[in-house]
Amino acid sequence: MGVQFGSFDEICQTAALVICPLIGSTQGIEPSCYSRNVEISGTLIFQPSTCFVHVVAIFMTGIMIFHIRSKYTAVGRKEILMFFYLYAIIELLAFFLDSGIIPTANVSYPWFAAVYTGLVAGAYTCLLINGFVGFQFAEDGTPLSLWLLRIATLVTFGVSLFVAIATFKKIAGFDYAKPIGLWIIYILWPLICTVIYVVSQLVLVFRTLEDRWPIGDIVFGTAFFTVAQVILFAFSNTICDAIKHYIDGLFFFTLCMLLSVMMVYKYWDSITREDLEFSVGSKATVWEVKDPLLAGGADYGEEDSVSNYTHAGPPASLVGGVSGKQLYQGAGGRGYPPAMERY
């Protein structure tokens, strides 16, 4: 199948995308082959297998969000959380749109489809900016970093929402018969963001990290993303015909995209480590007092007035008059103790 710039004709004839019923003509573009429907309590459910993957994706995203929130000292924790929140919302909305719970004939469908389009574009923008968090152009977790991320994502969402609904409704010079703007934000923009993110993370690993294992996470994530696009846009009809309409390419696309998002989490988790000393809810450390001067309540002789520490140096506050805080700033470079260096 050939993909023509600015045209959804061949794409929608192969893949049952959310926006396909709203572009091309007043009746939309129908795929050549799509998954069978099932009837549940008198209600037709479209794409049942794909909807099952949507539910699994929401559940898995909840688990990933829980683990990210528990890493209190990890770099880019708040920034990457926003990406996973957006992905969870996208999967929830896709469940209602793909299943037909929100019918394509309903007057609200174009608006939900436009919101979905805006969220997808915003999520890729969020991922793109997360790719530069590790370079510390702005201190992660600070208002500057978070608001730059939020504003950029919100602007992308707003622009994409407007372009989508204007294309569906034929307003402001946009036309569903020639959806060039929609093609750019729905097809081209995600590809650009993904390529930049992958390249930036490879640069980060080679320049900053001594461990090369995270490259495997990047490779697997990129592979799943690529396979998802190829299956959806090239082999969807072939799969649908071979399996007699039980599933189509959208099922494998959704599954591979979930796996690629999971690899984003796996990669982020592999390049960040948590300082357990500062973790909330971690088991308290039991310290053994070896210095008799700190034991208290006993009278020791002069020979016992020297500390029993054999490997520790003098207190930081006594080294050349330099305070412990200054030593930490010199060692970590960010005002943290050396144990909190997170790359």
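Mentor: Feature positions from UniProt are given in the numbering used here, and such annotations may be inferred rather than shown by experiment. The model itself is predicted. With that in mind, the unreviewed UniProt entry places the feature "transmembrane region" at residues 45–68, 80–97, 109–135, 147–168, 180–206, 218–239 and 245–265.

Trainee: What does the model show for residues 109–135?

Mentor: That span is 81% helix and 0% strand, and its end C-alpha atoms lie 41 Å apart. For residues 245–265, the span is likewise 81% helix and 0% strand, with 33 Å between the end C-alpha atoms.

Trainee: Why is serine 145 called buried?

Mentor: Buried means under 20% relative accessible area. Serine 145 has 9%, and therefore it counts as buried. This serine is found in helix H5.

Trainee: What makes the pairing of the side chains of serine 145 and glutamate 79 a polar contact?

Mentor: The cut-off for a pair of N or O atoms is 3.5 Å. The side chains of serine 145 and glutamate 79 meet at 2.7 Å, so the pair falls within that limit. Leaving aside neighbours within four places in sequence, serine 145 is in contact with Glu79, Ala138, Glu139 and Asp140.

Trainee: Why does arginine 69 count as partly exposed?

Mentor: Partly exposed lies between the buried limit of 20% and the exposed limit of 50%. Arginine 69 stands at 45%, so it belongs to the partly exposed class. Arginine 69 lies in helix H2.

Trainee: Which residues does arginine 69 touch beyond four places in sequence?

Mentor: They are Arg77, Leu81 and Tyr85. Arginine 69 and leucine 81 are 12 residues apart in sequence, and their C-alpha atoms are 7.7 Å apart in space.

Trainee: Which members of the largest nonpolar core touch the most other members?

Mentor: Among its 72 residues, these are Phe8, Leu17, Ile23, Phe84, Tyr116 and Phe168. Helices that each supply at least two residues of this core include H1 (9–14), H2 (48–70) and H5 (143–169).

Trainee: What is the volume of the largest pocket?

Mentor: The volume is about 920 Å³. Of the 44 residues lining this pocket, Tyr124, Phe225, Gln229, Phe253 and Met257 are the closest to its centre.

Trainee: Which helix supplies the largest share of the lining of the largest pocket?

Mentor: Helix H6 does, with 10 residues. H3, H4, H6, H7 and H9 each supply at least two residues of that lining.

Terms used:
Residues are numbered from 1 along each chain as its sequence is written. This is a predicted model: local features need pLDDT of at least 70, side-chain atom pairs count only at pLDDT 80 or more; totals for chains, interfaces and linings use all residues. Side-chain values use heavy atoms; hydrogens and water are left out. A nonpolar core is a set of buried Ala, Val, Leu, Ile, Met, Phe, Trp, Tyr and Cys residues joined through side-chain atoms within 4.5 Å. Buried means under 20% relative accessible area, exposed over 50%, partly exposed in between (1.4 Å probe, protein chains only). Helices (H or I, at least four residues) and strands (E, at least two) are DSSP runs, numbered from the N terminus. A polar contact is a pair of N or O atoms within 3.5 Å; within protein, one must be able to donate a hydrogen and the other to accept it, and residues adjacent in sequence count only if both atoms are side-chain atoms. Contact means heavy atoms within 4.5 Å. On a 1 Å grid over the protein atoms alone, a cavity is a set of points where a 1.4 Å probe fits but cannot get out, and a pocket is an open set with protein on both sides within 12 Å along at least five of seven lines; lining residues have an atom within 4 Å of a point. Grid points are joined across faces, edges and corners, and a volume is the space filled by probe spheres set on the points.
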